[in-house]
Amino acid sequence: MEVGNITTVAEFVLLRLSNNPQIQVVLFLLFLVIYLLTLTGNLLMLLVIRADSHLHTPMYFFLGHLSFLDAFYSSIVVPNLLENLLSKWKTISLLQCFTQISLVIFSGATEACLLSVMAYDRFQAVCHPLLYMVAMNRKVCTGLVGASWAIGIGTGLVNTLLLAQQRFCGPNLIHSFSCELPPVLLLACSDPYISIASILTTMVVLGLGTLVLLLGSYTRIIMTALRINSATGRSKIFSTCSSHFLVVTIFYGSGIFRYMTPASDSALKQVLSMQYSVVTPLLNPFIYSLKNQEVKAALKRMLARKPRLTF
């Protein structure tokens with residue numbers, strides 16, 4: 001498309017994971033299995049939390065939203081990846097690309113907020129157990145989740161609308177298997193200063209802000225646990241918090257390596273991108289189910305429950 005004497009890009013070309021057709025089929029089957037396991041694990045976690053009254057607590061209320069978000073995020077990236085693996089032309093329109101970027105930013109921002117809310121919940125449970133149900137009542141929990149979703153939506157919209165103001169008239173090859181803001185910004189012909197300032201502000205305010213809340217909550221939790229004389233009590237605290245801490249480490253660790261390094265098509269960069277976008281949503285439900293005795297017990301009760309027959 002030409003506007004005046006300037007040719008504008010109508011679509012982007014995504015990076016190929018492999019030029020070998022046989023390897024592409026293998027990758028398709030691998031990512032399809034991962035995607036189905038991700039949906040099954042997260043939706044099963046939602047079902048268990050919904051069905052078992054023992055899990056109707058603030059901690060599992062937040063975990064249910066995290067599971068839904070992981071299933072949603074995986075559905076943003078993986079279906080498009082599967083389609084591109086089998087298609088001849090690895091292209092995506094500007095509208096589809098901007099929509100994917102908006103949803104990815106929304107999911108990442110919302111998950112960062114939810115993880116900090118979950119850390120705050122554990123802080124209240126460990127450090128103020130007698131006031132826990134008052135501090136984390138239903139109204140407060142609903143408000144915290146609503147604020148997390150609102151921040152995510154606002155962050156995604158602002159950054160995508162600013163990106164949409166850029167002109168794309170040169171090379172259209174994105175050095176990634178999916179549409180992501182940093183590699184797309186590298187293709188802009190106009191000055192991307194405002195978009196770069198916006199995404200850096202988002203990373204500093206939202207990323208660093210939630211990380212500070214997480215570290216503050218866990219510092220207080222560890223200090224409280226170390227003051228407990230009972231080894232059983234300390235063990236219970238660390239067991240309860242270890243699943244969440246592991247999820248936080250994977251989320252922030254892979255996110256920092258993915259987005260704080262220069263965009264390129266190197267093998268390491270693509271592995272990090274794959275781990276962040278495809279593997280992390282799969283790991284979360286398994287971490288919570290395998291390391292959490294309450295979830296395992298609830299799953300056993302649900303599977304042992306006999307269906308009622310009505311005539």
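Tutor: A disulfide is taken here as a pair of cysteine sulfur atoms within 2.5 Å. The model is a predicted one, and a search of the whole structure finds two disulfides in it. One of them joins Cys97 to Cys179, with an S to S distance of 2.1 Å; the torsion about the S-S bond of Cys97 and Cys179 is about -115°, so this disulfide is left-handed. Cys97 belongs to helix 3 (residues 94–127), while Cys179 sits in the loop between strand 5 (173–174) and helix 6 (181–185), so the bond ties together parts that are 82 residues apart in sequence. Cys97 and Cys179 are both buried.

The other disulfide is formed by Cys169 and Cys189, whose sulfur atoms are 2.1 Å apart, and since the torsion about the S-S bond of Cys169 and Cys189 is about -135°, this disulfide is left-handed. The pair links distant parts of the chain, with Cys169 in the loop between helix 5 (138–164) and strand 5, and Cys189, 20 residues apart from it, in the loop between helix 6 and helix 7 (193–226). Cys169 counts as partly exposed at 28% relative accessibility, and Cys189, at 33%, likewise counts as partly exposed.

If the bonded cysteines of the protein chain are numbered in sequence order, the pairing reads 1-3, 2-4.

Methods: Residues numbered from 1 in each chain as written. Predicted model: local features only at pLDDT ≥ 70, side-chain atom pairs only at ≥ 80, totals over all residues. Heavy atoms only, no water. Helix = DSSP H or I, 4+ residues; strand = E, 2+ residues; numbered from the N terminus. Buried < 20%, exposed > 50% of the residue type's maximum accessible area, 1.4 Å probe, protein only.
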